[in-house]
Amino acid sequence: MNMDKNSAALYKKMQTEVESYQNLQKSCVKMVKQRALLEGQLNENKCVLDELSLLGPDNKVFKLFGPVLVKQELEDSRQNVGKRIEYISKELERSTDTLENMEKDMLKHREAVAKYQQQWQVAAAMK
Amino acid sequence: MAGTSSATAKPEMIDLTKLSPDQLMQIKQDFEQEMGNIQESLSTLHGCKAKYAGSKEALETFQPDWENRQILVPLTSSMYVPGRVKDLNNFVIDIGTGYYIEKDLEGSKDYFKRRVEYVQEQIEKIEKIHLQKTRFLNSVVGVLEMKQAAAVKMMQAQQQQQQSNQSA
């Protein structure tokens, strides 16, 4: 009887670990998707900057605001795109860090699950 | 696109024959999914290339004597209004993230040419990766089939032994 209680408690612990692992996994997938989006944006911005740097002073630059094209100064546009690249790069770094931390946490939970599983098996074998 | 590349670089160092069939199946499934993703990216890239090439072609049909030439301007994909070409040498190009630039005919053609080349480069890069992964997947499948054949043989041998034991 005592043993059953023990193993039930173990089972519960194991289950909470599995649950938090699964939650982490879900947010990990979300994070990876977000990262892919950021990478795409970074790439697009880099292409735009490349193109802007090829322009001479007599080329006109426009920016789309809603449905209208507004004329921009070339230098301003370059700076804006440069800033955006900086910002996106920082975001990308941040998401890499979070992803690494998540992976570490996931490993911890996985180890905990394995440990509880072992204990549970031992308890079951002793019955 | 590159999210799982670090995870897949490792298995190539492992001797495949030492893995269990379950592990091999897992690897096979992972790879098949990844190949699907790669295939998807490739078709997106091909679509992009076709779009850029289409714009380039449209520009190439422009002739210098087209000033004031009457054209049909599409309002939607199925409705047009008549218009005239007023300015032959200025095109506004969408270069992404909401930025548009004005270029002359040659510059615009050059832009699309460069874009097509860029996309082609990306396609070639991804095709290379695709080829590598296909090879690896084939070797995984090969080992898996070998193991399955060996397992079947072993089972048959066991059955024969049992039968001969029973008859003895």
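The contact between the chains takes 17 residues from chain A and twelve from chain B; two residues are in contact if their C-beta atoms, placed from the backbone, lie within 7 Å. On the side of chain B that touches chain A, strands β3 (91-96) and β4 (99-103) of chain B each supply at least two residues. β4(B) gives the most, with five residues. Strands here are DSSP runs (E, at least two residues) and helices likewise (H or I, at least four), numbered from the N terminus. The model is predicted: local features need pLDDT of at least 70, side-chain atom pairs count only at pLDDT 80 or more, and totals for chains, interfaces and linings use all residues. Residues are numbered from 1 along each chain as its sequence is written, and chains are lettered from A in the order in which they are written.

Strand pairing also links the chains. β1(A) and β4(B) run antiparallel and are joined by three bridges; strands pair if DSSP finds at least two bridges between them. A:Val61 has B:Ile101 as its bridge partner in β4(B).

Within chain A, β1 (residues 61-65) pairs with β2(A) in the antiparallel sense over five bridges. A:Phe65 is bridged to A:Val68 of β2(A). Two residues lie between the strands of this hairpin, and A:Gly66 takes a positive phi near 60 degrees.

In chain B, the axes of helices α2 (residues 21-60) and α3 (residues 105-167) come within 8 Å and cross at roughly 160 degrees. Axes are lines fitted to C-alpha atoms over the stretch in contact, with angles from 0 to 180 degrees between N-to-C directions. The two helices are therefore roughly antiparallel (angles over 145 degrees).

Key: Angles under 35 degrees count as roughly parallel, over 145 as roughly antiparallel, 65 to 115 as roughly perpendicular and the rest as oblique.
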